[in-house]
Amino acid sequence: MGDPVPTVKFLGLTFNIANDISVLLTCVIVFLFVFLLSRHIALKPKGGQNVLEWLIEFTNGIVKGSIKGNDASRFGLYAFTLFLFIFVANQIGLLIHVQVGQYTYVKSPTADPIVTLTLSLMTIALAHYAGIAKNGAKTYFKGYLAPFTLFLPLNIFEQFTNFLTLGLRLFGNIFAGEMLLTLISGLTSSNNWFSYIYSFPVELAWQGFSVFIGSVQAFVFVTLTSVYISQQVSPEE
């Protein structure tokens, strides 16, 4: 944060080119990953199909852990797509870092709060839409008055904090990881050749830890998404 970002104006709106390129690259990688694994689908799965089916069962398991009954099947595709996107977005900055002049054009898109809060807004909006679609607007708005009318401000504030914490948790973890990796890389280049001996294993270890953190954060985001959707479609009496 605080670094200069390349921007362009279109129809009065300002677009962050680095975010646009990074998000587009992430979408392309996710598409190619699923496309290549879904070739040659057979009744007896093997190779890439096994990996794809395992991922689908994994994300379906997350959804079914929070959303009960037939409602879970309606959100399986969203959870699968969300998990793959966030997982790739968290790792892409560790593999590809394109900097031209003072601007960084390719980085982890989830290291930017605009991207993570957009994902959070999508999830919260979907959860509330699903709640209204299943239970009706009357039951939905009545839920804000439970257990007493005086709880209305607290219930509204809870939804707002859900939105903020969901997006900022992901941003904070990925941004901190990339910032520390940049500091370690800077330590390597700013000293003599001897610094490579001790900084290389440190950088390698931190990259491995960052892969772990990125994977965990993708899991946490999808798990919380399932919880928030469950709270709306199956509100407590």
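Okay, let's start with the overall layout: this protein chain has seven helices and four strands. Helices here are DSSP runs of H or I with at least four residues, strands are runs of E with at least two, and both are numbered from the N terminus. Going along from the N terminus, the order is β-β-α-α-α-α-β-β-α-α-α.

A quick word on where this comes from. It's a predicted model, where local features need pLDDT of at least 70, side-chain atom pairs count only at pLDDT 80 or more, and totals for chains, interfaces and linings use all residues. Residues are numbered from 1 along each chain as its sequence is written, and side-chain values use heavy atoms, with hydrogens and water left out.

Along the principal axes, the C-alpha atoms fill a box of roughly 65 × 50 × 40 Å. Of the 237 residues in the chain, 37% are buried; buried means under 20% relative accessible area, exposed is over 50%, and partly exposed is in between, using a 1.4 Å probe and protein chains only.

H2 (residues 48–66) and H4 (residues 76–95) meet at about 115°, with axes 9 Å apart. The axes are lines fitted to C-alpha atoms over the stretch in contact, and angles run from 0 to 180 degrees between N-to-C directions. So H2 is roughly perpendicular to H4, a label covering 65 to 115 degrees. On the H2 side, the contact (heavy atoms within 4.5 Å) includes Leu 52, Phe 58 and Val 63, and on the H4 side it includes Gly 76, Phe 80 and Phe 83.

Phe 58 and Phe 83 turn up again: together with Trp 54, Phe 87 and Phe 219, they form one aromatic cluster. Across the whole structure there are 13 aromatic pairs. Rings of Phe, Tyr and Trp (its six-membered ring) pair if their centres lie within 6.5 Å; planes under 30 degrees apart are stacked, over 60 edge-to-face, and the rest tilted.

Which way do Tyr 103 and Tyr 105 pair up? They're edge-to-face, 6.4 Å centre to centre with 80° between the planes. Tyr 103 is partly exposed at 26% relative accessibility, and Tyr 105 is partly exposed too, at 23%. Phe 148 and Phe 151 make a tilted pair, 5.9 Å centre to centre and 50° between planes. Phe 148 is exposed at 53%, while Phe 151 is partly exposed at 32%.

Last one: the charged end of Arg 39 sits over the ring of Phe 35, 4.0 Å from its centre. For that label, NZ of Lys or CZ of Arg must be within 6 Å of the ring centre and within 35 degrees of the ring normal.

Note on methods: Parallel < 35°, antiparallel > 145°, perpendicular 65-115°, else oblique.
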